[in-house]
Each structure stands twice: as C-alpha cells, then as structure tokens.
Amino acid sequence: MKQPWKSIGVIITYVVAIIIGFLSFSSPFMDTTLNTKKIDKNIGKLTQFSWFKNLYEDEKYLCE
C-alpha cells in the first residue's frame, strides 16, 4: 500500500524540480548584466602571460 504513494511522491518531486528549473532559467530577476570592472581586472591579470598578450594585441581578433 505504501509503494504507490512513494512513486507519486517521486514523480511530484521530479515535476517540481523541472518547473523550478524552468522558472530559475528564465527569471526576470536574474542579473544578466556584464561586470566590466571584473572583466577588465581579469584581462589585466591575463596580459601578464605572453600567449594571452599576443592574442589580445593581434589585429585579426579586434572587434570592429
């Protein structure tokens, strides 16, 4: 007698998890703005490496 309730509980748990997943993915309250200060800071750290500096200064990768 307990087995059907256990199965129903598992199904409800999965359905709720899926709904929460969809809502959290498309939530209007999510911050999707870029943190340019953090990006600039990380670029500064990466330019210490020659491989990155070469790529960063290569004209074929410049945004137009």
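Predicted model: local features only at pLDDT ≥ 70, side-chain atom pairs only at ≥ 80, totals over all residues.
Helices (H or I, at least four residues) and strands (E, at least two) are DSSP runs, numbered from the N terminus. Residues are numbered from 1 along each chain as its sequence is written, and side-chain values use heavy atoms, with hydrogens and water left out.

Next, colour by pLDDT, the predictor's confidence in each residue, from 0 to 100. The protein averages 80, and 80% of the residues score at least 70. Among the elements, α1 has the lowest mean pLDDT (77), and helix α2 (residues 36-46) has the highest (91).

Now select helix α1 (residues 2-25), where Ile12 lies. Ile12 belongs to a nonpolar surface patch of about 520 Å², together with Trp5, Ile8, Val16 and Ile20. Like charges are joined within 9 Å, and nonpolar side chains (Val, Leu, Ile, Met, Phe, Trp, Tyr) within 5 Å. Accessible areas come from the Shrake-Rupley method with a 1.4 Å probe; for residues, only the protein chains shown count as cover.

Move to helix α3 (residues 50-57) and select Phe52 and Tyr56, which are 4 residues apart, about one turn of the helix. Rings of Phe, Tyr and Trp (its six-membered ring) pair if their centres lie within 6.5 Å; planes under 30 degrees apart count as stacked, over 60 as edge-to-face and the rest as tilted. The count by this rule is 3 aromatic pairs. Phe52 and Tyr56 are stacked because their ring centres are 5.5 Å apart and their planes at 20°.

Finally, colour by burial: buried means under 20% relative accessible area, exposed over 50%, partly exposed in between (1.4 Å probe, protein chains only). Phe52 is buried at 14%, whereas Tyr56 is partly exposed at 46%.

Conventions
Patch = residues over 30% accessible without salt bridge, like charges linked within 9 Å, V, L, I, M, F, W, Y side chains within 5 Å. Salt bridge = Lys/Arg side-chain N within 4 Å of Asp/Glu carboxyl O.
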